[in-house]
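Here's a quick briefing to keep open beside the model. Have a look at the fold, then go through the points by topic.

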Amino acid sequence: MNFIKKVSLIAALIFSIYGMSGCGPGAYVTAGVQYTNPVWAPSYYSGVRYYYLPDIETYYDLSDQEFVYLDNGQWLFSPVLPPMYSGYDLYNGFVVALNVGVYQPWLHHQYYVSHYPRYYYHNVYHDNIAAIRGFNENERKPFYWKEEDRNRINNVRTNQKPQPKVEKKMETSRPPQKPNYYGKKIGQPVKVRPQMKESKPRKKGHGNP
């Protein structure tokens with residue numbers, strides 16, 4: 001190995017060590033921005049900034065570490081789940097990792113609520129629901145539970161939207177029916193349109209005012 005190759009190898013090694021030293025467990029750096037994956041989320045996919053929780057129609061912003069939810073016609077921001085969803089089990093909930101190109105997805109909520117209706121995955125993954133943790137729009141495939149975690153879901157996902165306590169058991173006149181979903185978009189990634197991306201300031205060129 002000649003001198004130039006030795007110098008190049010040493011430089012590459014120093015660079016890799018320096019780059020790794022700034023990242024702690026659960027922290028990820030993408031395009032100069034660091035996102036910390038919450039402990040309740042599935043394995044992190046590089047570049048993801050937002051999660052969507054379809055069961056409670058709530059978003060999670062990894063950049064600001066806040067939940068974004070709709071209340072009384074306005075999108076509100078909170079570091080913890082709002083009181084109305086305080087009983088929701090984040091560790092057992094279905095999570096959608098949104099496309100890395102989207103910005104503030106709650107402003108385009110009509111797309112996400114139609115692609116990922118509440119509890120839609122029960123019908124989409126009914127034969128393998130016990131193994132499914134969520135869906136990754138970037139890889140266009142589901143997240144799977146780790147083998148050591150599957151015993152926590154008891155073969156059937158039981159997480160439901162918190163319901164008020166009812167003293168007397170309600171009686172129904174007929175057996176429950178499963179919903180029908182029509183169209184190919186159910187459970188499929190939302191197409192990120194230009195208006196859904198973060199706008200960048202235009203750089204002034206030599207000929208621009």
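Going along the sequence, the chain runs α-β-β-β-β-β-β-β-α-α-β-β, which comes from three helices and nine strands. Helices (H or I, at least four residues) and strands (E, at least two) are DSSP runs, numbered from the N terminus. This is a predicted model, so local features need pLDDT of at least 70 and side-chain atom pairs count only at pLDDT 80 or more, while totals for chains, interfaces and linings use all residues. Residues are numbered from 1 along each chain as its sequence is written, and side-chain values use heavy atoms, with hydrogens and water left out.

**The chain as a whole**

- Of the chain's 209 residues, 34% count as buried; buried means under 20% relative accessible area, exposed over 50%, and partly exposed in between (1.4 Å probe, protein chains only).
- The accessible surface of the chain is about 14400 Å², and 54% of that belongs to carbon and sulfur atoms; the areas come from the Shrake-Rupley method with a 1.4 Å probe, and for residues only the protein chains shown count as cover.
- Take the contacts in the chain with a separation of 6 or more: 61% of them are between residues 24 or more positions apart. Contact here means heavy atoms within 4.5 Å.

**Nonpolar cores**

- The largest nonpolar core has 22 residues, and Phe94, Leu98, Tyr112 and Tyr116 are those with the most contacts inside it. Such a core is a set of buried Ala, Val, Leu, Ile, Met, Phe, Trp, Tyr and Cys residues joined through side-chain atoms within 4.5 Å.
- Strands β3 (50-53) and β8 (132-136) each supply at least two residues of this core.
- A second, separate core has 18 residues, including Trp40, Tyr60, Leu62 and Tyr85.
- Which residues does Leu98 touch, leaving aside its neighbours within four places in sequence? The list is Val48, Tyr50, Tyr52, Tyr59, Pro105, Tyr112, Glu137 and Asn138.
- As background, nonpolar side chains tend to be buried together in soluble globular proteins.

**Salt bridges**

- The count is two salt bridges, taking a salt bridge as a side-chain nitrogen of Lys or Arg within 4 Å of a carboxyl oxygen of Asp or Glu.
- One joins the side chains of Asp61 and Arg49 (3.8 Å, N to O).
- Asp61 sits in strand β4 (residues 58-61) and Arg49 in the loop between β2 (33-36) and β3, 12 residues apart. Both Asp61 and Arg49 are buried.
- Another pairs the side chains of Glu57 and Arg118 (3.2 Å, N to O).
- Glu57 is in the loop between β3 and β4, and Arg118 is in the loop between α2 (109-115) and α3 (121-124), so this pair ties together parts 61 residues apart in sequence.
- Glu57 is partly exposed, with a relative accessible area of 23%, and Arg118 is partly exposed too, at 25%.

**Two strand residues to look at**

- Ser78 belongs to strand β6 (residues 74-78) and counts as buried because its relative accessibility is 13%.
- The Ser78 side chain reaches the backbone oxygen of Val80 at 2.7 Å. Leaving aside neighbours within four places in sequence, Ser78 is in contact with Glu66, Phe67 and Tyr69.
- Leu70 belongs to strand β5 (residues 66-71); its relative accessibility is 39%, so Leu70 counts as partly exposed.
- Beyond its neighbours within four places in sequence, Leu70 is in contact with Trp75 and Met84.

Key
A polar contact is a pair of N or O atoms within 3.5 Å; within protein, one must be able to donate a hydrogen and the other to accept it, and residues adjacent in sequence count only if both atoms are side-chain atoms.
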